[in-house]
Number of protein chains: 4
Amino acid sequence: MPKNKLSREELAERVAVAPFHQWLGLELTNMDEKGIELTVPWREEFVVNVELGYTHGGVLATLIDVAADYAIAAKLGRPVPTIDMRVDYHRPAFQGNLIVKAQALKLGGNFCTGEAQVYDEKGKLLASGRGVYLSVPLG
Amino acid sequence: MPKNKLSREELAERVAVAPFHQWLGLELTNMDEKGIELTVPWREEFVVNVELGYTHGGVLATLIDVAADYAIAAKLGRPVPTIDMRVDYHRPAFQGNLIVKAQALKLGGNFCTGEAQVYDEKGKLLASGRGVYLSVPLG
Amino acid sequence: MPKNKLSREELAERVAVAPFHQWLGLELTNMDEKGIELTVPWREEFVVNVELGYTHGGVLATLIDVAADYAIAAKLGRPVPTIDMRVDYHRPAFQGNLIVKAQALKLGGNFCTGEAQVYDEKGKLLASGRGVYLSVPLG
Amino acid sequence: MPKNKLSREELAERVAVAPFHQWLGLELTNMDEKGIELTVPWREEFVVNVELGYTHGGVLATLIDVAADYAIAAKLGRPVPTIDMRVDYHRPAFQGNLIVKAQALKLGGNFCTGEAQVYDEKGKLLASGRGVYLSVPLG
């Protein structure tokens, strides 16, 4: 795996640009040569099940996609469009910060694969998955 | 495929309960024995790319998951927890209403499969995918 | 969706070249502008569960991948390398011919999506899934 | 993650029963509390591309499914039916032994998730993926 092309400051800035990332409250809280970590504060609007109070799977899917993308962006120097993504749900995500870790799995000249895991504050694995991203140089 | 167990009014009510669905502005705009249709008004917070103005893939992933789930809910009489889901991205989703169609693919006693498609207002296919849902009777 | 670039004879010939396709006994039994159909005779070596006699999921996964690829090949004029693929298993596949149908879902200049369904001789849906294929011109 | 319920001998025996596993030449070559390793000798019938001589993606998909399943079987004491599976292809698999490693990711009372990686003899990652398996007690 090649070295990172973006510094932590540069990546944090890139993550912060998108309105949807701002709404989610995404913050880059760690980054090294192995991958990145995002922290996401809980929002009431995340909830799908009012009685039990757990977060919508779509929020977790979004976090998997974003984190895997930016783990690749760290290596390539730019975020990349998602070709497809998949999420496995392991446990309900109750109220509390979410910690998302992601790693580039394979960097190719045409497409790249990244994977990500969503944890609760106690380190329990809530969801995990992968995205495939287009890295063909744009015309 | 069995007959629907929920009426359109009942399903619309169920969809409207979740805070995340309310934030997304989901509305059940059609339903028959073959499947359901949700309409989603555009929101500025959906945007991932400010220059080009297109919607975050996580929003589209959410819509695939929700719609496939409620297509199954129509048949089973209740929404079901997502085991896993996958999305293919076909075209960028620019500003405008999103129309989401979904169908139950297979109803089983242990798990169910549903699929969904996200279209723009002109009927262009933007994203499509599938979810697998747990239908084991709970405790 | 554009018109087919390969005739049924040309596609049948292409399918027959690969040693693994020969081992599987794949035969192109139908093709029109909407998609293709392959028929696969049962083989004893397909079995995973000796007591119940049903076919290995890996065989069904292979059929999904091949069929979706050749549905795209019919449109593009050549088979394309698989980027990733996913299969949902709906019912066990007992002894008997397998019929596989596939359709190109989206043709793009960088990547294409296809989907496929595996049926038993009575038309029961056994498995279905999708593949994403690289269509960037090589070299 | 709980301790293994099957010994290496017991698991090796289980793997060897299925006719399709025999045809593939699957051999359990390692196993510890973290996961399992299968080794697969090359067969001419695996080939999809005669000119370049690389193995069919369906063979790699099969290996992902089998290995993830048996990594879970080691923990649960029995193999489990596949609900769905996904494979990412990273590099072509040329002639030579294939080494497949797999780990149980999450064991649940209703369903389990496992993941697997296929390597060539030099340790290059060729494909990787996941399966979701039904663990509801039968009958």
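Arg86(C) is where I start: of the residues of chain C, its C-alpha comes closest to the rotation axis, at 2.1 Å. Keep in mind that this is a predicted model.

What does that axis do? It relates chain C to chain D: a rotation of 180 degrees, with 0.0 Å of shift along the axis, superposes chain C on chain D with an RMSD of 0.0 Å. That is the relation of a two-fold axis. Both copies use the same surface, since 100% of the contact residues of chain C recur in chain D.

Now the contact itself. How many residues of chain C are in contact with chain D? There are 27 of them, and they meet 27 residues of chain D. On the side of chain C that touches chain D, at least two residues each come from α2 (19–24), β3 (47–49), α3 and β5 (82–89). Which of these gives the most? It is β5(C), with eight residues. By type, that side of chain C divides into 16 nonpolar, five polar and six charged residues.

Next, a pair of helices inside chain C. Two packed helices are described by the angle between their axes and by the distance between those axes. For helix α1 (residues 8–17) and helix α3 (residues 57–76) of chain C, the axes come within 11 Å and cross at roughly 140 degrees.

Last, one residue in chain A. Val17(A) is found in helix α1 (residues 8–17) of that chain. Is Val17(A) buried, exposed or partly exposed? It has 14 other C-beta atoms within 10 Å. Buried would take 20 or more, and exposed would take 12 or fewer, so Val17(A) is partly exposed. How far is Val17(A) from Gly57(A)? In sequence they are 40 residues apart, and in space they are 23 Å apart, C-alpha to C-alpha.

Technical notes
Residues are numbered from 1 along each chain as its sequence is written. Chains are lettered from A and ligands numbered from 1 in the order in which they are written. This is a predicted model: local features need pLDDT of at least 70, side-chain atom pairs count only at pLDDT 80 or more; totals for chains, interfaces and linings use all residues. Copies are superposed by least squares on the C-alpha atoms of residues with pLDDT of at least 70 in both. Two residues are in contact if their C-beta atoms, placed from the backbone, lie within 7 Å. Axes are lines fitted to C-alpha atoms, for helices over the stretch in contact, and angles run from 0 to 180 degrees between N-to-C directions. Helices (H or I, at least four residues) and strands (E, at least two) are DSSP runs, numbered from the N terminus. Ala, Val, Leu, Ile, Met, Phe, Trp, Tyr, Cys and Pro count as nonpolar, Asp, Glu, Lys and Arg as charged, and the others, Gly among them, as polar.
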